[in-house]
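Please look through the sequence and the 3D structure below before reading on.

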Amino acid sequence: MNLKKIVYFCKVVETGNASQAAKLLFVASTAISMQITALEKELGGELFDRGNRPMELTKLGRYFYPRAQEILYYFNKLEKDTQEFVKDKSSTLNIGFTRSVMFNLLPAAIKRFKEVNSNVQINLKEMLSEYQSDFILDEKIDIGVTRELSGDEFIAKDLNHELLMVDPFMAAIPRDHYLATQSYLTLKEFTSLPFISYPDNENSGFSKKLMEMFAANQCQPVIAYRAIEIHTALALVSAGLGVTLVGKSTIPNNRQDILFLPIQDINALSYIYCVSRMQDANPNIPLFLDLLREIAL
């Protein structure tokens, strides 16, 4: 099977007969008939019911036609995208991100961006928020998406540092926990449970600041486990090994075996920022930042 046979077949279906298809393709009608006959031989059955006028598709033809259209669509798209690339209309966008924004915010922005900018190659790099500033300044990434707490000052002053959303912390507990029938937790109830801390990385100040926040409220949970990243922490919660805190934005598309509840008597907030270079020439940066802003609303 080759592409020419598929093109000829689809054009006959679209025009209703081989003669009209031949005119549009600038070939002899006999060439159309020969290619379709050869295609039918390869497939092991007839694609057209030639006993009817105009010809109608057989059961095999009705099965094959939409799939043949799909092949042509992606072939034409590949041809167009490649031409765009050769003309240097394509480019890349390098994004650094903290893992907690991968539950909802970042995937939604990437999907919408690719729908209208299919030629742009997106490269993703998981990294702590603390690392992103240096990577942007060194032009290793173009955009950073960070999660920060009050008082954090690890982003360089000469970078764009824009707040996307204020993200309240929520308690994450096993769905079958005895406290799961409540609509909220108190700080005392929460800190009396085994706590799962993350990320377990000496270069991250996130977990340390969470402990300071608890201490400021005269409570100190007992750390039962230290997870390297948020997905592991949530897996440990689902296993019934403890509880943790996550940003409210991580709840959509998250695990169904975990319940997320507010803590009534503590106002714990985190902040999600986008970070980028000032006056960067890459036209994809402002386009992607606009999508982040829209989704974060």
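## Helices α5 and α10

Helix α5 (residues 105-116) packs with helix α10 (residues 284-296) at an angle of about 130 degrees, and their axes are 9 Å apart. Here helices (H or I, at least four residues) and strands (E, at least two) are DSSP runs, numbered from the N terminus, while axes are lines fitted to C-alpha atoms, for helices over the stretch in contact, and angles run from 0 to 180 degrees between N-to-C directions. The angle makes α5 oblique to α10, because angles under 35 degrees count as roughly parallel, over 145 as roughly antiparallel, 65 to 115 as roughly perpendicular and the rest as oblique.

α5 passes α10 in a right-handed crossing; a crossing is left-handed if the near helix is turned anticlockwise from the far one by less than a right angle, and right-handed if clockwise. In this contact (heavy atoms within 4.5 Å), L105, L106, A108, A109, I110, R112 and F113 of α5 meet N284, L287, F288, L291, L292, E294, I295 and A296 of α10. Sorted by class, the contact of α5 with α10 has 12 nonpolar, one polar and two charged residues, where Ala, Val, Leu, Ile, Met, Phe, Trp, Tyr, Cys and Pro count as nonpolar, Asp, Glu, Lys and Arg as charged, and the others, Gly among them, as polar.

## How the model is read

This is a predicted model, in which local features need pLDDT of at least 70 and side-chain atom pairs count only at pLDDT 80 or more, whereas totals for chains, interfaces and linings use all residues. Residues are numbered from 1 along each chain as its sequence is written, and side-chain values use heavy atoms, with hydrogens and water left out.

## Helices α1 and α2

Helix α1 (residues 3-15) and helix α2 (residues 18-25) pack with their axes 8 Å apart and at an angle of about 120 degrees, so α1 and α2 are oblique to each other. Their crossing is right-handed, and the contact is made by V7, Y8, K11, V12 and T15 of α1 together with A18, Q20, A21, L24 and L25 of α2.

I32, which lies in helix α3, has a relative accessibility of 0% and therefore counts as buried (under 20% relative accessible area, with exposed over 50% and partly exposed in between, for a 1.4 Å probe and protein chains only). Leaving aside neighbours within four places in sequence, I32 is in contact with Y8, V12, A18, A21, A22, L25 and V27.

## Around R277

R277 is found in strand β11 (residues 269-277) and, at 11% relative accessibility, counts as buried. The side chain of R277 makes a polar contact of 2.7 Å with the side chain of D142 and another, of 2.6 Å, with the side chain of D280. A polar contact is a pair of N or O atoms within 3.5 Å; within protein, one must be able to donate a hydrogen and the other to accept it, and residues adjacent in sequence count only if both atoms are side-chain atoms.

## Backbone details

Most residues other than glycine have a negative phi, and most peptide bonds are trans. F26, in the loop between α2 and α3, has a positive phi of about 60 degrees although it is not a glycine, and Q279, in the loop between β11 and α10, has a positive phi of about 55 degrees. A cis peptide bond, with omega about -10 degrees, joins Y198 and P199.
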